[in-house]
Amino acid sequence: MIEIRANVEERWDEVLTDDGLALVGRLHEQLDGRRRELVRAREQRQAELDAGGTLEFLGAPEDFTVAPVPAALADRRVEITGPTSRKMVINALNSGARGFMADFEDSNSPYWANMMGGQVNLADAARGSMEHQENGKSYRLEQEHAVLLVRPRGLHLPERHLQVNGDHVAGAFMDFGLYVHRNAEVLLERGLGPYFYIPKLESHREAALWRDAFLIAEHALGLDRGTIKATVLIETVPAAFEMDAILYELRDHAAGLNAGRWDYIFSIIKRFRTRPDFVLPDRSEVKMTVPFMHAYSELLVKTCHARGAHAMGGMSAVIPSRTDEEANRKAFEAVRADKEREAGAGFDGTWVAHPDSVPVATDAFDEVLGDRPNQVDRRRDDVSVGASELLSVAQTPGEITEEGLRLNVNVGIQYLSSWLRGNGAAAIYGLMEDAATAEISRAQVWQWIHHGEVLDDGRPITPDLVRWLAGEELEKIRGEIGDDEWFHEQGRPDLSRSLFERVALSGDEFVEFLTLPAYDELLKLER
């Protein structure tokens, strides 16, 4: 029996139908045991890496190719991403991007109201009719708009407001099941389809789990096999060694792979956390051009194109300024350089975080693609990437500075404050921060302390230093934002700081995801 342990507000019953919940229940009953085993398998792999083990490539049959993508996904040269709030959905779909990835995961704060409100918003978007009023302004979905793709939560995240026989449902199964049940038919009638991004995979076995979820949903809804299409985010280092096998498991449903750069950096730190040769410098120094990131992106393009799949580039997190002309110019220069590099490397499309970046990114891809929808036919036989190249973290240039440490502390606390207030995508110092970038910030602090690193001025990085800097950074934030906005009850600076220190200063234990203890706090606030 499936049970909703939360309120059902206006219009949520449109999504929480008996049949929709039954599909979620079916996914849980048939797949949740495997899901739990696979999450535990991550722990076993971590133990092996901690004991000095390494990662090895896992291949796939030589002659397979993925099924062709539908026409709506042939040209994906620029996609915009963001949470599922109503205004965001309308603006993103109207942005001029080819696609919009509506996010229930890293840029979302999983309050029940956000999850249900997001499902209602995406159902309206799937039907091509959507309006919103805010602060005296009207927003309306244009007739011609971006293709909608949806990212459910990762396999590790629970949804504690929904239970089957007393067990919490996986957030992934709820997000996917409710959306596909509510919208698949109407999307297909409009010449589109149920399209997804799948996050946080660490193995081909996890990809096979998602394949079976797709098959269960297709059978329940009377859809042909392969109707559901998914782009897999390669945002963990174990998955980078299994890209070919992941595509093979999803070959009927795969729409491509995406270079999820921020989570990938976090995964490098997390999975090789006991290794001093994997210590990274300031976050700002870890660019896509450093050896291990360059190798990862090159291999992704080669793997995708060898199998007939799209290779999607990473997120440009730069936020243009509409008030500072010089800052705006620098932001656009950064976006253009990033997208020119990706298009030149063979990527078929890319991500941006802000509507103003869409034309800049589009121009960069137009110069390479011209009238072609993609460059999947461009084989990268010149690329040769082995395990040593993927793991060449020690070759990353740069230093660990007080400025970099301060920024990690500041951004980590500010982001958690935003997340606890219900906003999972926060513009901080000209960058769009989400859970992935906050994970880098706290993981670097943990890594530097764990390995006894010192700042470039010779001072050791200790928990006491981090706590002292946290106090100073809170005062800095207070001065920048203002007392009323930051230090009223909803800002929760003390709780945000406590959460950050809990995951960054946790001794030898590394907390797997900061969103897990943060979700516990969020549930308390929701009561």
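This briefing describes the cavities, nonpolar cores and salt bridges of one protein structure. The model is predicted: local features need pLDDT of at least 70, side-chain atom pairs count only at pLDDT 80 or more, and totals for chains, interfaces and linings use all residues. Residues are numbered from 1 along each chain as its sequence is written, and side-chain values use heavy atoms, with hydrogens and water left out.

**Cavities**

- A search of the whole structure finds three cavities of 30 Å³ or more; a cavity is a set of points on a 1 Å grid over the protein atoms alone where a 1.4 Å probe fits but cannot get out.
- The largest cavity holds about 180 Å³ of space, a volume being the space filled by probe spheres set on the grid points, which are joined across faces, edges and corners.
- Its lining comprises 18 residues, and E105, D106, L157, W419 and T515 lie nearest the centre; lining residues have an atom within 4 Å of a point.
- Two elements, α14 (435–450) and α18 (515–526), each give two or more residues to this lining; helices are DSSP runs (H or I, at least four residues) numbered from the N terminus.
- The second largest cavity has a volume of about 50 Å³, and its lining includes K200, E235 and D263.

**Nonpolar cores**

- The largest nonpolar core has 117 residues, and F100, F176 and I234 have the most contacts inside it. Such a core is a set of buried Ala, Val, Leu, Ile, Met, Phe, Trp, Tyr and Cys residues joined through side-chain atoms within 4.5 Å.
- Helix α4 (residues 171–189) gives the most to this core, with ten residues.
- Not counting residues up to four places away in sequence, F176 touches several residues, including L27, F196 and W210; contact means heavy atoms within 4.5 Å.

**Salt bridges**

- The structure holds 58 salt bridges, each a side-chain nitrogen of Lys or Arg within 4 Å of a carboxyl oxygen of Asp or Glu.
- E206 and R42 form one of them (2.9 Å, N to O). This pair links helix α5 (residues 204–221) with helix α1 (residues 18–50), and its members stand 164 residues apart.
- Both E206 and R42 are buried, that is, under 20% relative accessible area, whereas exposed is over 50% and partly exposed lies in between (1.4 Å probe, protein chains only).
- R261 and E342 also meet in a salt bridge (2.9 Å, N to O). R261 belongs to helix α8 (residues 261–271) and E342 to helix α10 (residues 325–345), 81 residues apart.
- Salt bridges that share partners join D103, E105, D106, R151, K200, E235 and D263 into one network.

Note on methods:
On a 1 Å grid over the protein atoms alone, a cavity is a set of points where a 1.4 Å probe fits but cannot get out, and a pocket is an open set with protein on both sides within 12 Å along at least five of seven lines; lining residues have an atom within 4 Å of a point.
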